[in-house]
Amino acid sequence: MNEVQTVSGLLLAGILFVLGLVGVLIRRNIIFMLVSVEIMLNAAGLAFIVAGSKWAEPDGQVMFIFILTMAASEVSVGLALILQIYHQLKTLDGDAANKMRG
Amino acid sequence: MKELLWLIPFLPFAGAFILITTGSRLSKKMVPVIGAGSVGLSALVTLLIGYNFISTSSASFHFTAWQWIDIAGLSPAFAFHLDPLSLIFIFVITFVGFLIHIYSAEFMADDDGYARFFAYLNLFVCSMLILVLADNLVLLYFGWEGVGLCSYLLIGFWYTEEKNGYAARKAFIVTRVGDTAMAIGLFMLFQNFHTLNIQEIAAQAPQLWVTGSNTALIIALLLLGGAVGKSAQLPLQTWLPDAMAGPSPVSALIHAATMVTAGVYLIARTHVIFELAPIAMLVVGIIGAATLVIAGFAALTQFDLKRVLAYSTISQIGYMFLALGVGAWSAAIFHFMIHAFFKALLFLAAGAVIMALHHEHDMFKMGGLKKKLPVIYWTFLIGAASLAALPIVTAGFYSKDQILWLTLAGENGNIWFFLMALLGAFVTSIYTFRMLFLTFFGKEKTHVSHVPGRGMNIPLLVLAGLSTLAGFIELPHSFGHLTIFSDFLSPVLPAVKVQEDFESIEWMIQLIAAGVAISGVYVAQMFYVIKPELSDELKSSAADLHKFWFSGWGFDGLYNFLFVRPFVFLASINKNDIIDKFYDGLVALANLFNRIFSFTQSGILRWYIMGIVIGGILLLSLGLING
């Protein structure tokens, strides 16, 4: 594994992360927001893998498995929340859930 | 026996406490029993202690209840000091106070605030007793302020009328001016002596200061300021005539037993300091002489029966100050005692008259009451004769004659004081009998609706007896030469030295004084009984002067112009309170932040995420820059 691969791998991870972030910020549909969060999580996982292979350590892959597990549970909780929001508000618009306005 | 001394102020206090806490639930019969009973018991204890004190011929007795304060060398105790001077004061306060309480039981019977009235009255007596029994000036000041508070409460007793509340506030604020001066005097005394115990100060003062020392003068003048405020002397006398807004028994209590005589007591008590400051003594004398004449002339023109009596009190206290000013200490205290008797009598009788005539205060609407209210008439006559100092038969003659004589013949006396006092005596006699003739003689102008009962008559009769007989315990040199009173006081208050070349003419002075008093009665009779139209003529020919005197020599107007209006003007400028601006600013700032931060709580999830992201970026960039 050489230098170029590390740089482009981290670059890809960064681009994915920013894409996910932008998705969370500009999307109003909460399902898409959840999808974007997943993209961000996978970007972070990719960064761990790249870093792990750079230093030839297994820790990066161990961390990725953690992230995968966490993403699975996150999705289940997130979907449950989305269902609840849909039941309560009859819409999937995230901005409609603004009852806590100061 | 003397260990019971603490009971004397405690009993009225207990009475006040019971009445304040349970007053509204007590039956109407119990209220006066507690109110008058507590003061009556206190009077009884005074009598026992007084008898014990005299029979064992002790010089003084000290009783410490508890240590009150003990900080940095200032350690006033709640301690009482009984000596002849305080004994006379507590005797007068409890006895006259008791008689006034008995009188009030009937006088106030139909008032809604019956229990409240007795509670205040008891507290008033208690404060005054603490004042005169205090062994240190801090405790004295405590009683002093207590008296001020109670006078405020009682003058404004009928608080639903706005002008009564105004009179109460006026009394409180005007006396506060004097109290402030006195407080500064006390601070200076403590700075000089490192103690405020009266006996210790009296013992140390002659060693610390030489006669005429500046510090002594300043302290004496500051103490005098306090005395002038409480005793309603020039220039702080304006509150007393307005204090007539209170019920008549209150006026009797303020004028006779408590409050206004506090100033006389203070000066007599601290006479050592005044003796070291001859200039202050002279000032005391000048204030007394000026006040007695000014108040006398003001009394001549009043319509309101009680206002005449108010001005006459100012004038009579002027006599006491004059006596203090020439160093005739015991003469001042003697006049205080006699004045307490006859002034309480006059006020209570006036109260009975006013009550009998549907709360009519105007003397010109009274008249012809001699037949309708015989008891009131005769007792009022005795009181008036004593006030006017009619010779031989009245107590007032002996006390006032002593002052007149000593202002001329005492070692500090001078002819001007004597002439002022003589003029005052003449005016006193005129206004006293003007009051008597207008109220009780002539045609009946208002119908009598209420004849006072036994509860009001008995105190009047007792006081009438005292106003006559009490004078015989001190007779002048030329006439009996009896000095029980001044001998009794001599351990506390030194006797005044009489200039030798005057001794032979004492009888002449007495003759002049008697002549002046009698001619005053004659003048009053001339103007108000024989030829009533003369007084109207005189009034219209000197209308301006009449108006000037009627307004109490325009002092109210002057103070209004000098102090009240500038103060109100400043207050109106500062209506929005400049100092408050800073705190208003703090409030506005907090409100501003509130608005900004509540704007960020939009409830939109994506905004929050944005916030987190920006925060994260900032933290990371900071870490990169610093790292």
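User: Which domains does the domain assignment of chain B give?

Analyst: The model is predicted, and the domain assignment divides chain B into several parts. Two of them are domain 3 (543-574) and domain 4 (576-626). The others named in the assignment are domain 1 (1-177 + 244-260) and domain 2 (277-541).

User: About what area do domain 1 of chain B and domain 2 of chain B bury between them?

Analyst: The C-alpha centres of domain 1 of chain B and domain 2 of chain B lie 25 Å apart, and their contact takes 27 residues from domain 1 and 34 residues from domain 2. Of the area that the two domains bury, 82% is on carbon and sulfur atoms, while the count of salt bridges between them is 0. The buried area is about 2,700 Å².

User: Which element gives the largest share of the side of domain 1 of chain B that touches domain 2 of chain B?

Analyst: Across this interface, 6 residue pairs are found in polar contact. The elements that give two or more residues to the domain 1 side are α2 (30-55), α3 (84-107) and α10 (248-257) of chain B. The largest share, 14 residues, comes from α3(B).

User: Which residue of chain A forms a salt bridge with B:Arg606?

Analyst: Between chain B and chain A, 10 residues of chain B are in contact with 13 residues of chain A, and B:Gly603, B:Arg606 and B:Ile609 supply 50% of the area that chain B buries against chain A. The count between these chains is 1 salt bridge. With its closest N and O atoms 2.6 Å apart, the salt bridge joins B:Arg606 to A:Asp95.

Definitions and conventions
Residues numbered from 1 in each chain as written. Chains lettered and ligands numbered in written order. Predicted model: local features only at pLDDT ≥ 70, side-chain atom pairs only at ≥ 80, totals over all residues. Heavy atoms only, no water. Domains from an automatic or database assignment. Contact = heavy atoms within 4.5 Å. Buried area = accessible area lost by both parts, 1.4 Å probe. Salt bridge = Lys/Arg side-chain N within 4 Å of Asp/Glu carboxyl O. Polar contact = N/O pair within 3.5 Å; in protein donor to acceptor, adjacent residues only side chain to side chain. Helix = DSSP H or I, 4+ residues; strand = E, 2+ residues; numbered from the N terminus.
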